[in-house]
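Here's a quick briefing to read alongside the model. Take a look at the structure first, then work through the points below.

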Amino acid sequence: MKKRREFLKVSMAASAGFWLPGQRNFPQTATSDIMAIAAHPGDGMFSMGAVVAQHIANGGGGTFLSLSLGERGHNSIPTTEYGRLQQEAMEQAANSLGASASFLNYPDAEIPFNEEASLVVCDEIRKVKPSIIVTHWEGSWHKDHKNCYQIVQYARFYAGLKTLERTHPAHYVGQLFYAENWEDMDGFQLDTYLDITSVFDKWQSACALFPMWRGETGFRYNDYYKSLATMRGCLSGFTQAAALAAATSTGKKNEGILRKY
Ligand SMILES: [Zn+2]
């Protein structure tokens, strides 16, 4: 058992991150990219940022796509200014992790789930050509998060559809994971632990670039996500870990099998 674990660790260090669900012996190549698609910049960095940072540390590339700027999330800073602060924070934070950041201009709280949005995200996926997407789980009380989940389902399908002509050629994304997010916990069933110990400090510093990280918007993001990573680490045998739910190749239901990477 110990040997098996060591083998996985060695393989993991040489690869770029995850294995396809059910195919433990097929690691990603070191050049693969991960794409975090979130409704708001804070979601991308706080709930998906450590996963992106770990993938980059393992030799891959990373991109954060925010569907809105989350500009309506602060009670005292005007929306235009807060949107700018959010964008700047995300750009700096992504840069500090070696990732890139891009943004769509849907209004915060009004991200639509429709064909147009799904095709726009399809185009972003085709542009980045990730092998892994990480996004929101559908069981959220936040309508933007729910819509982001739905958009990603459609966008992933459209991105891989060869007969759908867009600016960029079709690209099939083999792996889809849902991140653990305090607002998206309804029915969230983790099946994957990712060791984020080596990137934990860097990721925490990146998160601290956001005003909301320090509790300015009412929720103590810093305490929650720091504690969560530590708690998941306790349960998985790592110092710090991220918990994820893997989607099947075609759908939303995860397999319910625990994996550690
Ligand atoms: Zn959000």
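P130 sits in the loop that links helix 4 (115-128) to strand 4 (132-135). Keep in mind that this is a predicted model, so confidence gets its own section at the end.

**Around P130**
- Is P130 buried or exposed? P130 counts as buried because 28 other C-beta atoms lie within 10 Å, and 20 or more is enough for that label.
- Leaving out residues up to four places away in sequence, P130 touches D33, I34, M35, T63, I125 and V173.
- Take V173, one of those partners: P130 and V173 are 43 residues apart in sequence, yet their C-alpha atoms are 6.3 Å apart in space.

**Helix 2 and helix 6**
- To describe two packed helices, you give the angle between their axes and the distance between the axes.
- Here, helix 2 (residues 41-57) packs with helix 6 (residues 200-207) at about 145 degrees, and the axes are 9 Å apart.
- Helix 2 brings M45, F46, G49, A50 and A53 to the contact, while helix 6 brings F200, K202, W203, A206 and C207.
- Sorted by class, this contact between helix 2 and helix 6 has eight nonpolar residues, one polar and one charged.

- The average pLDDT for the chain is 87, and 84% of the residues score at least 70.
- Residues 1-30 have a pLDDT below 50, although the model gives this stretch 38 contacts beyond near neighbours in sequence.

Technical notes
Residues numbered from 1 in each chain as written. Predicted model: local features only at pLDDT ≥ 70, side-chain atom pairs only at ≥ 80, totals over all residues. Axes fitted to C-alpha atoms, helices over the stretch in contact; angles between N-to-C directions. Helix = DSSP H or I, 4+ residues; strand = E, 2+ residues; numbered from the N terminus. Contact = placed C-beta atoms within 7 Å. Nonpolar A, V, L, I, M, F, W, Y, C, P; charged D, E, K, R; others polar. pLDDT = per-residue confidence, 0-100. Buried ≥ 20, exposed ≤ 12 C-beta atoms within 10 Å, placed from the backbone.
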